[in-house]
Amino acid sequence: MIEGMIIGIDETGHVAVGQRLIVAVALIRPSALPSVTARLERWEELTRRALPSRPAEIKSTDLSDEARRDFVNKVLVSPADDIRYFAVLCDVDEETLRWGEIQRDHYVTSTAGWEAQAAAEGHSKLANQLRNFGGWLRNTPAGMTLKATTLNHAVTRGLNDGIGLSAAGRFDEELGELRFEIDQGFTRGSVERWQWLLRNFLMIATQSSPITMLDTWTESHPFIRTFIDEQRGDYIRLKPAFAERFSFVDSKMSVAVRVADQVAGLLRRRYIDLRAAPHLDRMTEREVAPPLEVLELAGDADVASEDAIQNLFAQFSELGPPPP
């Protein structure tokens, strides 16, 4: 099977006052995956030998500058030009955490409204699932809302950049098999619940941000045939099947996530640790402009109303009820 653009996503940094969160996105051309895998695994094996504990998984935080340099020179920057990257950064302060609290409370309220509707219609099982889910959501930290928002932005842009790179490279016929692989560390427990919630967030994000579409595509193009449910002018409604292309995976099982992890570590050196090195300069050869987007969150007065959030949830209720 031909596989579409493979987009790996990982994070670095912390969601705490005075800290920075970076979400790194690695875009890999599908036909080059075997070559990328071979380069990455060769680098991992040589790097593992130099680490005292010889860990099964090599995390970017454990590496020396020499190992980071070798990753850039031997994996990331290849004559094949088969990996590109960008990142989204969120500066965390009291105001952004308050924004996260407000958004979380809106989602809790919208879930309660959906629960009440289900109960009124006699769907007691669904109402009970929503009650349990709402209770869990109410107790999640506000920082997770910030992480989800940063991830939403990264995924939406990753979709558009993936389409653009595929079209420029003339392999956009493969886009019917496009997929996102996200490090499951984003979920921090309750994996199934976070996966369901983030898939809903991501579907909402793609509705509120324009999706790159080529005017040369016909209804038979794989991307349109696979993902587009309705299109009227600039309005595009995606099929629920699109949500199935977001997987939260163990990084050991995903080359794309491991590449994203190393890219995130390099960006951490540059933008959090404020280090400089020739290999950090050379990695910019594979960036997609702009390479680093700083997330700007609306002030309290501009936060979406509870009704707006509720309508968005209702619009995507076809994704099914939350897991118990």
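**Close-up 1. S251 sits in the loop between β7 (246-249) and α8 (255-271).** Helices (H or I, at least four residues) and strands (E, at least two) are DSSP runs, numbered from the N terminus. This is a predicted model, in which local features need pLDDT of at least 70, side-chain atom pairs count only at pLDDT 80 or more, and totals for chains, interfaces and linings use all residues. Residues are numbered from 1 along each chain as its sequence is written, and side-chain values use heavy atoms, with hydrogens and water left out. With a relative accessible area of 4%, S251 is buried (under 20%; exposed is over 50%, partly exposed in between; 1.4 Å probe, protein chains only). Leaving aside residues up to four places away in sequence, S251 touches E57, K59, D183, V257 and R258 (contact means heavy atoms within 4.5 Å). G185 lies 66 residues from S251 in sequence, yet their C-alpha atoms are 8.9 Å apart.

**Close-up 2. Helix α1 (residues 33-50) has a buried side.** Look for L33, V36, T37, R39, L40, W43, E44, T47 and R48, which are buried. They cover an arc of only 165 degrees around the axis, so they share the same side of α1 (the arc is that of the directions from the helix axis to the C-beta atoms). Their cover includes β1 (6-13), β2 (20-28), α2 (65-76), β3 (83-91), β4 (179-183) and α8. On the face turned away are the exposed residues P34, R42 and R49.

**Close-up 3. Helix α5 (residues 142-168) is mostly covered.** Of its 27 residues, 22 are buried. Just after α5, R170 takes a positive phi of about 60 degrees.
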